[in-house]
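Open the model in your viewer and show it as a cartoon. The stops below can be selected one after another.

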Amino acid sequence: MNNLKDRVTIYEVAKASGVSLATVSRVINHQSNVTEETKKKVNATIARLGYKPSALAQALATNRTTHIGVIIPSANYVYISNLLYGLTESAKEKGFVLSLFVTNHNKDEAKKMVENVITSHVDGAIIFDDELEDKDIESMSSYNVPAIVINNKVVEEKIGCVYFGYEHLLKKIIANMITNKNNKPITFLQVENGGRLINRMEKACYDIHELLNRKCSTISCHDSYQKTYEYFKKYFSKNKKKGYFIASRDSIAMAVINAALENGLKVPNDVEVLSIIGTKYAHMMAPQISSMHIDLIEVGKKAMDMLDLLIKDNLKDKAYKFESEYIKRETTLD
């Protein structure tokens with residue numbers, strides 16, 4: 001039975017090369033104070049032994065920032081998973097090590113978490129802000145820790161941001177619907193602990209209705225497919241009439257769609273449904289869900305790239321906006 005060989009260490013490379021650990025480290029990190037002959041010898045040993053330097057070891061050797069704190073409101077949603085994937089992919093390329101911190105949709109807890117992360121000797125932070133106000137974010141400046149805030153437009157000396165353009169597009173969608181004389185009443189589905197983004201979208205919905213002298217209503221529902229489905233199954237059994245529903249995300253949208261179909265209503269002729277935060281599941285479901293889409297993987301990559309530049313004092317544009325795209329599928333008419 002073959003034994004698995006342990007990972008080759010820098011100590012083995014130094015011993016096999018006949019040089020010090022410091023010399024091997026200098027070669028790995030391409031520092032200039034090593035002779036060409038020594039570089040060749042060490043590199044030949046690295047190739048022969050199959051040594052792979054860790055990103056953390058390289059970072060420590062070059063005094064490069066590596067420890068990044070990441071704060072997110074929840075890890076349970078697909079769009080947050082996409083964001084994390086983008087963050088980790090970019091961090092891996094840069095040799096950053098991430099520490100993940102999760103809040104529970106509570107403003108006081110979010111503030112405390114930010115303070116804990118910023119003061120825990122991280123070299124930078126990525127904060128998905130779905131609870132905090134501008135003043136809470138701005139107070140981070142006193143810690144002098146580079147940070148990129150996602151989902152809030154705030155810029156300070158050591159703070160940059162990635163923010164989203166959803167409101168203008170939603171207003172345009174609603175305005176086009178009303179202009180085309182679609183008389184379906186519009187209902188915004190506000191989920192519990194929806195966060196600042198969903199609150200902003202609800203306000204945008206009401207603002208455009210007020211501007212166009214139309215009425216808009218809100219239904220508060222659970223942030224759960226099953227509970228929302230049960231609610232709307234009863235709702236449609238009593239109210240078999242046409243309507244346009246704006247849901248926070250795909251699973252909530254599908255709950256409404258399935259409940260409508262089960263009650264004999266047609267989608268999208270009778271009931272139209274739009275998902276605000278569309279994911280890959282929007283086109284995997286039947287019927288396919290019309291949605292507003294921002295690539296959260298790219299958001300994660302962009303945030304980490306910006307933080308890298310901010311740490312190096314090379315970030316010129318500290319605010320970057322991702323515009324959402326309306327993807328019409330099978331649950332809306334226009």
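How many bridges join strand β1 to strand β3? Select residues 67-72 and 124-128: four bridges join the two strands, which run parallel. Within this pair, Gly69 stands opposite Ala125 in β3.

Before going on, note that this is a predicted model, in which local features need pLDDT of at least 70 and side-chain atom pairs count only at pLDDT 80 or more, while totals for chains, interfaces and linings use all residues. Residues are numbered from 1 along each chain as its sequence is written, and side-chain values use heavy atoms, with hydrogens and water left out.

Six strands form an open sheet with parallel pairing, in the order β2-β1-β3-β4-β5-β11. Strands here are DSSP runs of E with at least two residues, helices are runs of H or I with at least four, and both are numbered from the N terminus. Two strands pair if DSSP finds at least two bridges between them. β2 (97-102) and β11 (319-323) stand at the edges with a single partner strand each, so one side of each is left without a neighbour in the sheet.

Select β5, residues 159-165. Seven of its seven residues are buried, where buried means under 20% relative accessible area with a 1.4 Å probe, protein chains only. Ile159, Cys161, Tyr163 and Gly165 lie on one side, Gly160, Val162 and Phe164 on the other. On to the partners of β5: four bridges join β4 (residues 147-150) to β5 in parallel, with Val149 opposite Cys161. β5 also pairs with β11 in the parallel sense, over five bridges, and there the bridge partner of Tyr163 is Lys321.

**The cores**

Stay on Phe164 and show its surroundings. Leaving aside residues up to four places away in sequence, Phe164 touches residues including Phe128, Ile150, Val299 and Phe322; a contact means heavy atoms within 4.5 Å. Phe164 is also one of the members that touch the most others in the largest nonpolar core, which has 50 residues. Such a core is a set of buried Ala, Val, Leu, Ile, Met, Phe, Trp, Tyr and Cys residues joined through side-chain atoms within 4.5 Å. Helix α12 (residues 296-311) gives the most to this core, with eight residues. Another core lies apart from it, with 23 residues, among them Cys221, Tyr229, Phe245 and Ile257.

Next, select β6 (residues 186-191) and β7, which run parallel and are joined by six bridges. Leu189 has Ile219 in β7 as its bridge partner. These strands belong to an open sheet of six with mixed pairing, in the order β7-β6-β8-β9-β10-β12. β7 (216-221) and β12 (325-327) are at the edges, each with a single partner strand, so one side of each lacks a neighbour in the sheet.

**The largest cavity**

Which residues lie nearest the centre of the largest cavity? Select Tyr77, Tyr79, Gly194, Ile198 and Ile277, which belong to a lining of 15 residues. On a 1 Å grid over the protein atoms alone, a cavity is a set of points where a 1.4 Å probe fits but cannot get out, and lining residues have an atom within 4 Å of a point. The elements giving two or more residues to this lining are α9 (195-211) and β8.

Notes: 1 Å grid on protein atoms, 1.4 Å probe; cavity = no way out; pocket = protein on both sides within 12 Å on 5 of 7 lines; lining within 4 Å.
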